[in-house]
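Colleague: I would like to learn how to read helix packing. Can we work through an example together?

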Amino acid sequence: MSIKSQLTASRDFLMAGMRASARVSTQNPQAEKVIRACLDMVETLVRQPAENITVSDVETTLNVLHRAAVELDDETPATSAFVASIKNAAGRLQSLRTEL
């Protein structure tokens with residue numbers, strides 16, 4: 001996959017997490033803020049030209065996503081969709097890091 005398609009897939013996973021946050025019965029404003037921050041970081045990478053994206057940029061974003069997943073993972077059904085979306089996005093970024 002191309003750099004842009006990996007980043008777009010990562011963004012799409014996080015957007016799915018944002019949509020899931022709107023559907024849960026118990027709203028979690030902290031989870032929404034964390035996912036939004038992760039989404040902002042990935043969107044920043046998406047807006048950059050592909051040739052300007054470095055391994056360092058991807059690793060920094062990956063570190064934030066991993067910390068976000070740990071922070072939100074309280075093993076309840078309400079947060080499982082959030083954590084899954086972050087982990088899926090991180091998986092795409094790990095694939096991108098390998099390609100770079």
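Colleague: In which handedness of crossing does α2 pass α4?

Modeller: The crossing of α2 past α4 is left-handed. Left-handed means that the near helix is turned anticlockwise from the far one by less than a right angle; clockwise would be right-handed. Helices here are DSSP runs of H or I with at least four residues, numbered from the N terminus. One caution: this is a predicted model, where local features need pLDDT of at least 70, side-chain atom pairs count only at pLDDT 80 or more, and totals for chains, interfaces and linings use all residues. Residues are numbered from 1 along each chain as its sequence is written, and side-chain values use heavy atoms, leaving out hydrogens and water.

Colleague: At what angle do the axes of α2 and α4 cross?

Modeller: Two packed helices are described by the angle between their axes and the distance between the axes. Axes are lines fitted to C-alpha atoms, for helices over the stretch in contact, with angles from 0 to 180 degrees between N-to-C directions. The axes of α2 and α4 cross at roughly 15 degrees and come within 11 Å. That makes α2 roughly parallel to α4 (angles under 35 degrees count as roughly parallel, over 145 as roughly antiparallel).

Colleague: Which residues meet there, in α2 and α4?

Modeller: Contact means heavy atoms within 4.5 Å. Ala 31, Ile 35 and Val 42 of α2 meet Phe 82, Ser 85, Ile 86 and Leu 93 of α4. By class, this contact of α2 with α4 has six nonpolar residues, one polar and no charged.

Colleague: How do α1 and α4 pack, and at what angle?

Modeller: Their angle is about 175 degrees, and the axes of α1 and α4 are 8 Å apart. α1 and α4 are therefore roughly antiparallel. The contact of α1 with α4 divides into 12 nonpolar, seven polar and two charged residues. Among those that meet are Phe 13 in α1 and Leu 96 in α4.

Colleague: Against which helices do the buried residues of α4 pack?

Modeller: Buried means under 20% relative accessible area, with a 1.4 Å probe and protein chains only. The buried residues of α4 include Phe 82, Ile 86 and Leu 93. They pack against α1, α2 (29-47) and α3 (55-72).

Colleague: Is Thr 61 buried or exposed?

Modeller: Thr 61 counts as buried, because its relative accessibility is 3%. Thr 61 lies in helix α3. Leaving out residues up to four places away in sequence, Thr 61 touches Met 41, Val 42, Leu 45 and Leu 93.

How values were computed:
Buried < 20%, exposed > 50% of the residue type's maximum accessible area, 1.4 Å probe, protein only. Helix = DSSP H or I, 4+ residues; strand = E, 2+ residues; numbered from the N terminus. Parallel < 35°, antiparallel > 145°, perpendicular 65-115°, else oblique. Nonpolar A, V, L, I, M, F, W, Y, C, P; charged D, E, K, R; others polar.
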